[in-house]
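Visitor: I have the structure open and a few things to ask about it. Can we start with a loop and work from there?

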Amino acid sequence: MPQSSLRVLVIGAGLGGLCLAQGLRKAGVDVAVYERDAGLSVRTQGHRIHIDSRGEQALRECLPPSLYELFLATRGQPSKGITVFRIVDGQLQEASTQPFPESGSDEFITVGSAVDRLTLRQILLAGLDDSVHFNKAFARYEQQADGRVWAYFTDGTRTSGNVLVAADGVGSRIRQQFLPHAQVFDTGMRWLGGKTLLNDEIIPLPPEPMHETFAMVFGPHPAMMLGCVWFRRPPKEAAAQFWPGLSFQHTEDYLMWGLLGNREQFPIPDEDLQAMDSPALQRTAVELTNDWYPTLSPFTQRAEPEESFFLTLRRSVPFEHWQTSNITLLGDAIHVMPANGSGANSALRDASLLARSLIAVASQGTPLHRALHDYEIEMLRSGFSAARTTLQAMQERRSGTPFTPG
């Protein structure tokens, strides 16, 4: 297939979809991304994520050098492990620290960096303004006899391409139509979280081990999770050097917090939490931490009211490879990861692998179905292997309790 004739449609402008678009654009492949939201920050989708060598390698492959340098400059501090705390006589007491390995396979979380999700998305969007279309909610697709595929949107418009990529997350409409047998189930775990700026009042409160590890505080109630993001370099300063004109929305160091537990441990029904806006969720978190973890209540009391969110955590059931066509998937659209710090790395890795495969189609004449088949086999192997490894580690740690949504 000549490079000029390959057109790739990506549904979803999350980390994976944008990373794929960057990789294809870098190689001169025609790509268009369609996102249902009106912009990157319309919905609060989590704050701090863990990026290790898996994600860094994918970003290095897909981003232009200047944007990759901008990513490196705007990372947070090293993320080296998990520290478990307990409340003893009203005070935080360190129980144990589980360091991440320095290196490993694509199945294991390793030492990496704390990264702000929105800052990374803004980096991934840079230079793609003419290729990313917001307010485009995907409705369905139709495959044509000539090998093209039409994507239809809820606003009545449509577009066509040679490949349709589902990068639309755990609730993927493409997966539901293309692979109706694929199962995603509710784990029963819930996350009520937010962020608190690390100002002079808050900075002294996190104990020293929390500076380079993610903290888990256990008690008789839902666990409380805490993780800092200390930008290595002021984002505005870094953007001025590596990508002038890019204006970041998140520029201040912060602490991400979350209450994580089984559905039955929360005194408020799911439907009520899902109906709350961010300020109401923050007020709810204040009430719960005042009751459950009064020592930690300053983190929720001083939180940013518009940055709280509620998540129902889900997971995929592994299944066999399907008949390859011109529709494929990446990230949570196909293998929903347990919330353990591997989700972002897995989506980015999928994106770089798929970009490599599609570039081979455009520039080397590799047959499209062969390239997609090989990508899917490797993506399923690595994605579901990482999910199984994660679940085993979580079960060994504490009855399957994950530690961070991302």
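Guide: Fine. This is a predicted model. A place to start is N135, which sits in the loop between β8 and β9 (138–143).

Visitor: Is N135 buried or exposed?

Guide: N135 counts as exposed, because its relative accessibility is 52% and the cut-off for exposed is over 50%.

Visitor: What is the phi of N135?

Guide: Phi of N135 is near 60 degrees, a positive value in a residue other than glycine. Most residues other than glycine have a negative phi.

Visitor: Which residue just after α4 takes a positive phi?

Guide: That is G127, with a phi of about 85 degrees.

Visitor: Since α4 came up, how many of its residues are buried?

Guide: Nine of the nine residues of α4 are buried, so the helix is mostly covered. Among them are R117, R121 and Q122, as well as L118 and L124.

Visitor: What covers them?

Guide: The cover of the buried residues of α4 includes the helices α1, α2 (53–62) and α3. It also includes the strands β3 (48–51), β7 (112–116) and β8 (132–133).

Visitor: Take α1 then. At what angle do α1 and α4 cross?

Guide: Helix α1 (residues 15–26) and helix α4 (residues 117–125) cross at roughly 25 degrees, and their axes come within 9 Å. That makes α1 roughly parallel to α4, because angles under 35 degrees count as roughly parallel.

Visitor: Is the crossing left-handed or right-handed?

Guide: The crossing of α1 and α4 is left-handed. On the α1 side the contact is made by L15, L18, C19 and Q22. On the α4 side it is made by R117, L120, R121, I123, L124 and L125.

Visitor: How does the contact of α1 with α4 divide by class?

Guide: Seven residues are nonpolar, one is polar and two are charged.

Visitor: And α3 against α4, at what angle do they pack?

Guide: The angle between α3 and α4 is about 170 degrees, with the axes 10 Å apart. The two helices are therefore roughly antiparallel to each other. From α3 the contact takes L67, L70, F71 and T74, and from α4 it takes T119, L120 and I123. By class, the contact of α3 with α4 has five nonpolar, two polar and no charged residues.

Visitor: Changing topic. Where is Q77, and is it buried or exposed?

Guide: Q77 is in the loop between α3 (65–74) and β4 (78–79). Q77 counts as buried because its relative accessibility is 8%, and the cut-off for buried is under 20%.

Visitor: What is Q77 in contact with?

Guide: Leaving aside neighbours within four places in sequence, Q77 is in contact with R48, S113, A114, H211, E212, C228, V229, W230 and R232. As for F100, its C-alpha atom is separated from that of Q77 by 15 Å, and the two residues are 23 residues apart along the chain.

Visitor: Last topic, the nonpolar cores. How many residues has the largest one?

Guide: The largest nonpolar core has 80 residues, and V8 and L164 have the most contacts inside it. Helix α10 (residues 343–364) gives the most to this core, with nine residues. There is also a second, separate core of 25 residues, which includes F266, I268, A285 and A303.

Visitor: What does V8 touch?

Guide: Not counting residues up to four places away in sequence, V8 touches L24, V29, D30, V31, A32, V163, V165 and L358.

Definitions and conventions. Residues numbered from 1 in each chain as written. Predicted model: local features only at pLDDT ≥ 70, side-chain atom pairs only at ≥ 80, totals over all residues. Heavy atoms only, no water. Axes fitted to C-alpha atoms, helices over the stretch in contact; angles between N-to-C directions. Helix = DSSP H or I, 4+ residues; strand = E, 2+ residues; numbered from the N terminus. Parallel < 35°, antiparallel > 145°, perpendicular 65-115°, else oblique. Left-handed = near helix turned anticlockwise from the far one by under 90°. Contact = heavy atoms within 4.5 Å. Nonpolar A, V, L, I, M, F, W, Y, C, P; charged D, E, K, R; others polar. Core = buried A, V, L, I, M, F, W, Y, C linked by side-chain atoms within 4.5 Å. Buried < 20%, exposed > 50% of the residue type's maximum accessible area, 1.4 Å probe, protein only.
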